[in-house]
Amino acid sequence: MEITLTQGDITEQQVDAIVNAANSSLLGGGGVDGAIHRAGGPEILAECRALRAAHYGKGLPTGQAVATTAGRLPARWVIHTVGPVHPDPREGAELARRTELLASCYRESLRIATELGARSVALPAVSTGVYGWPMESAARIALAEVMEMGRTGGLDEAIDEARFVLFGADAYGVFERVLQELSHGPMVD
Ligand code: AR6
């Protein structure tokens, strides 16, 4: 499995599965979620409502993931995951607990992608918008988790490409630097 980085709009990615930074309600919102529902059309929301009526009466818990159709998007599936809200620094131990939940979003999303047979997956920087997670910290958690899964989770055979799609040059630059560091150690001038 290759980890790649792209700057752009996740709804335009030609991949098998697109990961959505959703909320527990699964009924839409702003940011990536709003863009995915707008571009994908009402079929996605209809499947989300059906999931709420069946298995997720109380909503999708933070750190978990679930798949629906991708509607009109150039992908086969949308995998909805719910990132954690970045904790207030005064909340102490919450940071460790929520860091694990953010890693879990990527783990669960890629596990479901593998179950579906998706060979290429586009991933957003979950929790870095409305949920307030600082980009550098989020990049480390996301990239470390996906790299680890590539090494130990059997993904190397199952998935060809995990493509992080970053909105804007700043986010792209942070992911690029962190990926370089995690792969080869810190950049030296
Ligand atoms: N393509 C790629 N990245 C995007 C796009 C896009 N079209 N649009 C925004 N981003 P957010 P969260 C970036 O807020 O923090 C929603 O209302 C954005 O710049 O979408 O997990 C949900 O319904 C940021 O870096 O997700 C939830 O209520 C990253 O995607 C809540 O927001 C994530 O930002 C989830 O908040």
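1. Start with Asp9, given as D9. Its side chain places an N or O atom 2.9 Å from a nitrogen atom of the ligand. That is a polar contact, a pair of N or O atoms within 3.5 Å. The model is predicted, so local features need pLDDT of at least 70, side-chain atom pairs count only at pLDDT 80 or more, and totals for chains, interfaces and linings use all residues. Residues are numbered from 1 along each chain as its sequence is written, and side-chain values use heavy atoms, with hydrogens and water left out.

2. Two further contacts deserve a look. I10 uses a backbone N or O atom, 2.9 Å from a ligand nitrogen. T128 brings a polar side-chain atom to 2.6 Å from a ligand oxygen. Alone, the ligand exposes 710 Å², and the protein buries 89% of that (Shrake-Rupley method, 1.4 Å probe).

3. Now the shell. It has 23 residues around the ligand (a heavy atom within 4 Å). N23, G30, V32, D33 and T128 are the closest. By class, twelve are nonpolar, nine polar and two charged. Gly counts as polar here.

4. Which elements supply at least two residues each of this shell? They are strand 2 (17-22) and helix 1 (31-40). Helix 1 gives the most, four residues. Helices (H or I, at least four residues) and strands (E, at least two) are DSSP runs, numbered from the N terminus.

5. The ligand takes the space of the largest pocket. A pocket is an open set of points on a 1 Å grid over the protein atoms alone, where a 1.4 Å probe fits, with protein on both sides within 12 Å along at least five of seven lines. A molecule sits in one if more than half of its atoms lie within 2 Å of its grid points.

6. This pocket holds about 550 Å³ of space, the volume filled by probe spheres set on the points. Its lining numbers 26 residues (an atom within 4 Å of a point). Helix 1 has the largest share of the lining, four residues.

Key:
A polar contact is a pair of N or O atoms within 3.5 Å; within protein, one must be able to donate a hydrogen and the other to accept it, and residues adjacent in sequence count only if both atoms are side-chain atoms.
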